[in-house]
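Dear colleague,

Please find below the structure that I am handing over to you.

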Amino acid sequence: MSLSQTKSNTSFVYLVALICLLAVAIFMFSKSDFFLIDSISLEGLNNVAGDEVERLLGTVKGENIFLVDTGALAQKLKLHPLINEAHITKKYPGTLVIQIQERLPAALILNKDKMVEVDSQGVILRYYDTWPQKDSPILTGIEIPETIGPGQQIEDPGLKTCLQFVGQASPDLKAIFGEIHYVQDGQIFVYLTNGIEVRMGIGDDYGKKLKLLEELLNSEEFKIMEKAIKYIDLTAGKPVLGR
């Protein structure tokens, strides 16, 4: 073996040894206290308390940030009935950034002696023993199984229809909906805050009828005769006024 080959082999061995030492140093540094989680940043919370989120996370503070399974932690957070999605990222050296997407209330269901708050997918958010101070539309005629609770979805075709109806209504219309009543044959009746009954009939797409209703309620002609009107029938798609 020539001198140049010997030097080349020696350099290669030194290089390998250096890489190994560097890898060991990086590994040991990553396991040091420098990378222990000491801070949790919560974003997107409006209705969920921060301490509730931290209880679901468990004793994550003090753990090595490299060893934390963010996907598993996110699934734990989704056990909260008010949390729809959770995304967790690592901010080195020791911070977890948690972005929360909360479930938004869509309606309140009058169920026997309780009020049940649900989101647009029919997931139960809360139970109220007394009448809550909420702006959400009130739904009646919906049966809620006694075997389900917060965080679970109500599988009821009537509720699905009502939530679709509510989702298609404008904010101005929702503000004057006193009660939305579902009849088991599929019909929807709306009772406005001014006492007028609105018969919406049957259908999955109520957008056109709701637009007609809003135009009618905003018309000068309707405002003149409003006090004399008892009901508005939109069953056939054309407003019929009853006195």
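Strands S2 (residues 83-91) and S3 (residues 95-102) pair in the antiparallel sense over 8 bridges, where pairing requires at least two DSSP bridges between two strands. Within this pair, Ala 86 has Ile 100 of S3 as its bridge partner. A hairpin is formed by S2 and S3, with 3 residues between them.

As to provenance, this is a predicted model: local features need pLDDT of at least 70, side-chain atom pairs count only at pLDDT 80 or more, and totals for chains, interfaces and linings use all residues. Residues are numbered from 1 along each chain as its sequence is written, and side-chain values use heavy atoms, with hydrogens and water left out.

The protein chain has 7 helices and 12 strands; these are DSSP runs numbered from the N terminus, helices being H or I with at least four residues and strands E with at least two. Of the 243 residues in the protein chain, 37% are buried (buried means under 20% relative accessible area, with a 1.4 Å probe and protein chains only). The accessible surface of the chain comes to about 14,500 Å², and 55% of that belongs to carbon and sulfur atoms (Shrake-Rupley method, 1.4 Å probe). Among contacts (heavy atoms within 4.5 Å) with a separation of 6 or more, 47% are between residues 24 or more positions apart.

Strand S10 (residues 197-201) is largely enclosed by the rest of the structure, because 4 of its 5 residues are buried. Strand S9 (residues 188-192) pairs with S10 in the antiparallel sense over 4 bridges, and Ile 188 stands opposite Gly 201 in S10. S9 and S10 form a hairpin with 4 residues between them, and in the turn Gly 195 has a positive phi of about 95°. S10 also pairs with strand S11 (residues 231-233), here in the parallel sense over 3 bridges; Val 198 has Ile 232 in S11 as its bridge partner.

Finally, helix H4 (residues 157-168) has 12 residues and spans 17 Å from its first C-alpha to its last, close to the 16 Å expected at 1.5 Å a residue (1.5 Å times one less than the number of residues). Its buried residues are Gly 158, Leu 159, Thr 161, Cys 162, Leu 163, Phe 165 and Val 166. At the start of H4, the backbone nitrogen of Gly 158 lies within 2.8 Å of a side-chain oxygen of Asp 156.

With kind regards

Conventions: Buried < 20%, exposed > 50% of the residue type's maximum accessible area, 1.4 Å probe, protein only. Polar contact = N/O pair within 3.5 Å; in protein donor to acceptor, adjacent residues only side chain to side chain.
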